[in-house]
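Let's take a quick look at how charged side chains pair up in this protein. Have the sequence and the 3D view ready as you read.

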Amino acid sequence: MDSPTSPYLNMKALFSPLGAARVCQLAMGCTIIAMVIHSAGYSGSHGVFCMAVWCFCFAMSVVVFFFDAARLYSCLPISWENLTVTCAAFATLVYVTASVVYPLFFVRSECPYAGCDVRNYRIAVTVCSILGTLAYGAEVALCRARPGQAVVGYMSTVSGLLKVVQWFVACVIFGALANGSQYSLYAATVYCVVVYAFCFALTTLVVIMTVCGRTKSVRSMPFDRFVVVCTLLEVLLYLSASVVWPVFCFDTKYGSPWRPYSCPQGKCPWDSKVVVAVFSFVNFMLYVADLVYSQRLRFVSRSHLSNTIRRP
């Protein structure tokens, strides 16, 4: 809660390392959108995805910067620190994806039919997207909880940031599942989809509870213990899915261990199955790392920290 004598505008929103990182995010986002609309262009599902990422992150950064500069976050019934670091971590991941996808599909060494100016603009968009990634990553680094500090913002810890990465990887898995993965052929692969959806929902629940400040207890269970229990369950479920999915997709009895020659490029179910298998294992390892780190985490509410500091 801000002091009644505090100025209406938060000057640290501009004149601080965190403020500089957010200004850089705004500058890069505005520059990218302007160049893409002006000359660089975009087309197809990949171009729409990249443009959606840049527009969404720019709008999100505008809202965060405005609320921080005007101190309006104190009027919101949420944990502002947890919300901002979650948004920054998510923006970093999607910006990395866009920074890889856009040049992969739109940047060529030779000049396109529209001329070399278009190629140069696309290269500039890629460079600005990389700089935007660094700006969002800098915000995450500045907000991350340091060892030895009392943990007030759970999302600023390694465990909290891993939750965002897990959520992002699950979105990649869902995208591959929707791209003709043929998961409905066997009950076992349907089970894997249920596992992915359940773990995604559970991770989302933890993030929402944290952002909304509901971290005191869950049915008389401390929040840090609740997180550990959820993570252990997710580890076990992802372990089973990481074993079941490859067996029922690549074993000769149920599928094919090799990519069919007649499979069309970009629309091959086998490719989608490989993506799901790889990212299932990636998320399993992320949940294991989360579980290991959560054993050492002890969450301290802001009110409890304030009472501790006031004690003589």
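Searching the whole structure turns up three salt bridges. Keep in mind that this is a predicted model. Here's the rundown, pair by pair, plus a look at one alanine.

**Arg22 and its partners**
- Arg22 pairs up with Asp68 in a salt bridge, and their closest N and O atoms sit 2.7 Å apart.
- Arg22 belongs to helix α1 and Asp68 to helix α2 (residues 44–69), so this pair ties together parts that are 46 residues apart in sequence.
- Arg22 is buried, with a relative accessible area of 4%, and Asp68 is buried too, at 10%.
- Glu139 also makes a salt bridge with Arg22, at 3.1 Å from N to O.
- Because Glu139 lies in helix α4 (residues 116–143) and Arg22 in helix α1, that pair ties together parts 117 residues apart in sequence.
- Buried or exposed: which are Glu139 and Arg22? Both are buried.

**Lys163 and Asp290**
- Lys163 forms a salt bridge with Asp290, with 2.3 Å between the closest N and O atoms.
- This pair links distant parts of the chain, 127 residues apart: Lys163 is in helix α5 (residues 158–178) and Asp290 in helix α8 (residues 269–294).
- Lys163 and Asp290 are buried as well.

**The network**
- Salt bridges with shared partners join Arg22, Asp68 and Glu139 into one network.

**Ala21**
- Ala21 is part of helix α1 (residues 17–40), and its 9% relative accessibility makes it count as buried.
- Setting aside neighbours within four places in sequence, Ala21 is in contact with Ala135, Ala138 and Glu139.
- Ala21 and Gly132 are 111 residues apart in sequence, yet 9.2 Å apart in space, C-alpha to C-alpha.

Conventions: Residues numbered from 1 in each chain as written. Predicted model: local features only at pLDDT ≥ 70, side-chain atom pairs only at ≥ 80, totals over all residues. Heavy atoms only, no water. Helix = DSSP H or I, 4+ residues; strand = E, 2+ residues; numbered from the N terminus. Buried < 20%, exposed > 50% of the residue type's maximum accessible area, 1.4 Å probe, protein only. Contact = heavy atoms within 4.5 Å. Salt bridge = Lys/Arg side-chain N within 4 Å of Asp/Glu carboxyl O.
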